[in-house]
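I opened the model today and went through it piece by piece. My notes follow in the order in which I looked things up.

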Amino acid sequence: MTSPKGIAALGAAVRKRVIGLGVFTRFFIRLLAASSIVFKRPRLVSQQIHFIGNHSLLIIAVSGLFVGFVLGLQGYYTLNRYGSEEALGLLVALSLTRELGPVVTALLFAGRAGTSLTAEIGLMRAGEQLAAMEVMAVDPARRVLAPRFWGGVIAMPVLAAVFSMVGILGGWIVGVLLIGIDTGAFWSQMQSGVDVWKDVMNGVIKSIVFGVAVTLIALFEGWQARPTPEGVARATTRTVVAGSLAVLGLDFLLTALMFSN
Amino acid sequence: MPSPASTSNNPVLRLDSVSLGYGDFTVLRDISLEVSRGQVVAMMGGSGSGKTTLLRAATGQLRARGGVVTLFDQDLAQTDARQLQALRQRMGVLFQQGALFTDLNVFENVAFPLREHASLGQAETLSRVLNTLDSVGLRCAAHLKVSEVSGGMARRVALARAVILEPELVLYDEPFAGLDPISLGITARLIRNLSDRLGCASVVITHDIAESFAIADQVYLVGQGCIKAHGAPATLHASTDPYVQQFLNGHPDGPVPFEYPSTPAFESWLARQGALQ
């Protein structure tokens, strides 16, 4: 029989989660309500796209290249058993546009840009910069959070596209240049097998959803961080853990919705 | 056109029997004070006496538990977010730690309130920011990053940012901390001159007796959760109150406690350490 203390602890835990969800939802609504600044001062958003996107470009491109190399090798080993190695281009392209491009980019994005956003917002709170803005009659949600949020949401699909393009190039280098698959077969199979709407656009939608999730989590954790070095460090860790789990969970849901018959 | 409040003779800031605190702890009780236009009011007291808490109440960051805080003739307890924003646009605040925006350089930090609240052209913004920086002796530091300026310089940048919009009320939290003697004297004169020139009300939270007494019209001495004394600097100097005398002369013994008092939380913590055995 469950003890009253156990029931109380369970109730407290559930209550804490529900309150946390409510706070997160209110934060998201506040962020959306403050988003008019995106149209009034687009320069603030373009600065964030540069900061978030451009600074993540190198890690995304290098990771994409290596993922492409591995896909090229593994794909060739498997397809070779069935004499279908000409389909390597199709396999690499579908893997990248449908799954690996959006997912791996989002995971890298959480680790690179997400942590950076959390630390920045957390340190702004610790340094009283957000309080100073409020006292100057400037809404920090409007001036600080909204441009960063939309900067992240816009940068994410672009980074995912770069990842997929570089990955395909990596697959081509391994398959065509190193292994010797016919280059015409590599590209023509890809061209005939990849559907722009079903494969590419679904990948783009996924990356937008991941961009919303990861950027929102990163900003929320920074906003809620305790204003101490330890508090900011913990918030940064939570961004990576929660952001990565959210990406993987959302990927399962989106894949089930997008690619079911 | 000036707002009705800006032409009235009512105090810019008034606290009537105000109580303030955090969580279960009440920091200040039954605080009453007034700050009028053109007046410099110094708020003095020991560390942890609640001076910054008073400032937070004046900015609307902390709601009063009791009593009434009136800012520009409006009861802060009755204002909504939009009204509070409008009131805050009429005040400037110098934060204790400066609170400069570390992603912006010195110029952009000072220009920040202008860019947010005034529709000025680039040339006018440049001229106004450089003039304000000039008044704190940092015109030629406009291009520097915040990380490249010293603590004292950062405080002067924060001061320039607080007054760039020529507010009707300026709250200075420890404006003299970390300044060299020359900067300290210049900053004190700047505060006095701003009040005289703009007719703005100034509240200066400070430990620096000499400089604040030189520029203040009124001095409030905060301690033991209340206002222990107030009056013109000459009146306080002449006071025979042991509390006032000990604070002003820095005597180690007297009614102003140096040691942090024991609390049940401390006793409980000490018991857990096994130190009472």
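I started with a rule for sheets: I call two strands paired if DSSP finds at least two bridges between them. The model is predicted, and I kept that in mind throughout.

**Entry: the sheet in chain B**

I looked up an open sheet in chain B. Four strands make it up, in the order β2-β1-β4-β5, and the pairing is antiparallel. I then asked which strands stand at the edges. They are β2 (25–35) and β5 (74–75) of chain B. Each has a single partner strand, so one side of each is left without a neighbour in the sheet.

I checked how β5(B) is held in place in the order. Strand β4 (residues 66–71) of chain B pairs with β5(B) in the antiparallel sense, over two bridges. I noted one residue pair there: B:Thr70 has B:Asp75, in β5(B), as its bridge partner. As background, strands of a sheet pair through backbone hydrogen bonds, either parallel or antiparallel.

**Entry: chain B as a whole**

I counted elements next. Chain B has 11 helices and 10 strands. Its C-alpha atoms fill a box of roughly 70 × 45 × 40 Å along the principal axes. I compared the radius of gyration with the globule rule. For 277 residues, a compact globule would come near 19 Å; chain B has 20 Å, which agrees.

Buried residues account for 38% of the 277 residues in chain B. I also looked at contacts between residues at least 6 apart in sequence. In chain B, 64% of these join residues at least 24 apart.

**Entry: helix α11 of chain B**

Is this helix buried or in the open? I went through the nine residues of α11 (residues 264–272) of chain B. The number buried is zero, so the helix lies largely in the open. After α11(B) comes B:Gly274, and its phi is positive, near 80°.

**Entry: the nonpolar core**

I moved to the largest nonpolar core, which holds 138 residues. B:Met43 and B:Val157 touch the most other members. Helix α5 (residues 88–126) of chain A gives this core its largest share, 18 residues. I listed the neighbours of B:Val157, leaving out residues up to four places away in sequence. It touches B:Leu100, B:Val106, B:Asn109, B:Val110, B:Leu138 and B:Val149. In soluble globular proteins, nonpolar side chains tend to be buried together.

**Entry: where the chains meet**

I finished with the contact between chains A and B. Nine residues come from chain A and 14 residues from chain B. On the chain A side I found six nonpolar, two polar and one charged.

How values were computed: Residues are numbered from 1 along each chain as its sequence is written. Chains are lettered from A and ligands numbered from 1 in the order in which they are written. A nonpolar core is a set of buried Ala, Val, Leu, Ile, Met, Phe, Trp, Tyr and Cys residues joined through C-beta atoms within 7 Å. A residue is buried if 20 or more other C-beta atoms lie within 10 Å of its own, exposed if 12 or fewer, and partly exposed in between; C-beta atoms are placed from the backbone. Two residues are in contact if their C-beta atoms, placed from the backbone, lie within 7 Å. Ala, Val, Leu, Ile, Met, Phe, Trp, Tyr, Cys and Pro count as nonpolar, Asp, Glu, Lys and Arg as charged, and the others, Gly among them, as polar. The radius of gyration is taken over C-alpha atoms; the globule rule is 2.2 Å times the number of residues to the power 0.38.
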